[in-house]
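This report describes one protein model, beginning with the whole chain and ending with a single residue.

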Amino acid sequence: MSQPLNSKTFCVLPWIHLSTRPNGHMRVCCTANASSAGATNDKKYGGEVGILKNDNGTPANLNNTSLSEAWNNSYMKSIRTAMLNGEIPPSCTKCFKEEAAGHRSKRQWETEYWSHRVDIDQLVNNTQIDGTVPPQVTYVDLRLGHKCNLKCSMCSPHDSSLWIDDWRKMYPRVQSPSLKQLMVWDNDGKVDGASYDWYLNNDIFWTELYEQIPHMKQLYFAGGEATIIDKHYEILEKCIESGHAKNIELRYNSNGIYMPQKLFDLWSHFSRVRFHFSVDSIGAMNEYIRHPSKWSVIKKQFCRLDETPNNVEITIACAVQILNIYYIPDFIDWKLNQNFKKINPSPLGAGLINFHFVYHPAFLNVKILPKEFKAKVRKKYERYCDSLRQRFAGDQGFLKNPYGIDRLMGMVAFMESEDWSNRMIEFQEYIKHLDNIRGHSFQETFPEMAELLDWKPPVTHPPETQL
């Protein structure tokens with residue numbers, strides 16, 4: 001097979017990694033199915049791009065599919081062969097769009113990260129002509145159902161059990177057909193063999209996963225909220241009992257609300273813990289986005305995490321979206337002024353904050369902003385980046401760090417790269433219903449963005465007919 005360096009579309013993840021959805025669906029990675037998000041709801045590639053498919057076209061779901069079956073099914077094999085042939089798989093267009101806008105993508109940073117931990121040349125050389133690879137899983141993303149203690153504005157019942165009540169109040173009120181389509185939650189999520197208790201009902205999966213522990217280098221836990229799910233603790237204990245925990249890195253995306261002492265005790269057995277603290281803004285703005293969290297609690301958890309042992313790495317994982325893109329410079333300033341010892345220490349996130357874009361729901365993606373407001377965002381970022389250059393004038397490590405100023409301006413370029421402003425009507429209706437149900441006020445919480453609720457698309461006139 002071709003060597004990866006000869007392919008400009010190579011990503012290491014299909015060779016070492018599988019990702020789950022809270023309902024048991026399996027996917028190429030945690031952001032692959034965001035590649036279908038766009039300016040409209042057109043179901044390009046079937047609308048489930050990134051979800052592993054069985055040969056009959058149905059999603060590979062862990063209620064009825066084993067880990068070993070999914071690892072080398074035809075969908076995964078086609079992803080690998082496409083990459084080795086220099087092609088962009090439909091699952092992966094998200095990363096390439098981000099890269100084209102100057103934003104460092106998951107494909108880039110994951111491949112760079114794993115290049116120091118696995119032998120990529122050997123992985124490729126062990127790949128058969130049809131894309132089959134040995135069943136040695138190095139990195140698994142586990143979403144153990146949708147049990148959660150928050151109901152974030154960009155979330156839904158698919159990922160948070162706490163959202164169910166709000167969804168049942170909101171969905172019948174929605175008028176926009178496209179918004180209605182985006183917010184569908186059919187049969188309480190039980191479609192195509194899916195269910196949110198899949199991890200309680202598939203003994204074969206756990207037998208196969210635990211057999212992979214000797215090969216495992218990273219276990220990744222994300223939403224629901226792993227820290228409140230009993231199975232998560234059982235998995236850590238199994239790794240410790242096996243004697244392999246010292247070789248395994250744990251990774252989390254967590255809201256950090258609930259962290260019992262038991263969690264820290266278990267972490268002490270693992271080689272490294274990478275805890276990505278999901279915080280999206282400061283004060284009332286974060287409380288609006290990550291409802292019903294309290295900023296006072298978040299600040300206390302920051303202080304607690306800043307005192308964790310040396311094997312624990314803490315970063316801020318900010319979900320960049322229409323609700324916070326304008327205020328991210330303010331969030332960075334807040335973080336810098338805290339003088340944390342180990343939260344995003346340089347060079348992690350250039351000592352600032354780590355970012356990833358919200359793609360689902362599409363009406364919160366930053367591309368939907370009207371061009372006038374995008375110009376307002378650009379002006380603020382340019383001014384802020386100038387202030388960072390002055391602040392860190394003597395720090396070449398910061399000035400050259402790709403996750404610093406370049407990443408911030410890459411976010412602006414990504415925002416400007418496509419015009420999805422036709423989705424503003426969905427955003428406006430969604431915020432109206434959300435505020436009504438939760439007793440919030442978008443205008444009071446985000447005063448500089450209040451104008452967005454009154455925005456209307458410009459009137460276009462047909463060209464005059466020439467006589």
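What percentage of the 467 residues in the protein is made up of buried residues? In this predicted model, buried residues account for 60% of the 467.

**Overall form**

The protein contains 19 helices and eight strands. Its radius of gyration is 22 Å, close to the 23 Å that the globule rule gives for 467 residues, so the protein is as compact as a globular protein of that length. The table lists values for the whole protein.

| Property of the protein | Value |
|---|---|
| Radius of gyration | 22 Å |
| Span of the C-alpha trace along the principal axes | about 70 × 60 × 45 Å |
| Accessible surface | about 19800 Å² |
| Distance between the centres of positive and negative side chains | 3 Å |

Carbon and sulfur atoms hold 50% of the accessible surface. The side chains include 54 positive and 53 negative ones. Of the contacts between residues at least 6 apart in sequence, 75% connect residues at least 24 apart.

K231 lies in helix α10, which covers residues 230-242. Is K231 buried or exposed? Its relative accessibility is 13%, and buried means under 20%, so K231 counts as buried. The side chain of K231 forms a polar contact of 2.9 Å with the side chain of E234. Leaving aside residues up to four places away in sequence, K231 touches L144, Y199, W206 and Y210.

Note on methods. Residues are numbered from 1 along each chain as its sequence is written. This is a predicted model: local features need pLDDT of at least 70, side-chain atom pairs count only at pLDDT 80 or more; totals for chains, interfaces and linings use all residues. Side-chain values use heavy atoms; hydrogens and water are left out. Helices (H or I, at least four residues) and strands (E, at least two) are DSSP runs, numbered from the N terminus. The radius of gyration is taken over C-alpha atoms; the globule rule is 2.2 Å times the number of residues to the power 0.38. Buried means under 20% relative accessible area, exposed over 50%, partly exposed in between (1.4 Å probe, protein chains only). Contact means heavy atoms within 4.5 Å. Accessible areas come from the Shrake-Rupley method with a 1.4 Å probe; for residues, only the protein chains shown count as cover. Lys and Arg count as positive and Asp and Glu as negative; His and the chain ends are not counted. The place of a charge is taken as NZ of Lys, CZ of Arg, CG of Asp or CD of Glu. A polar contact is a pair of N or O atoms within 3.5 Å; within protein, one must be able to donate a hydrogen and the other to accept it, and residues adjacent in sequence count only if both atoms are side-chain atoms.
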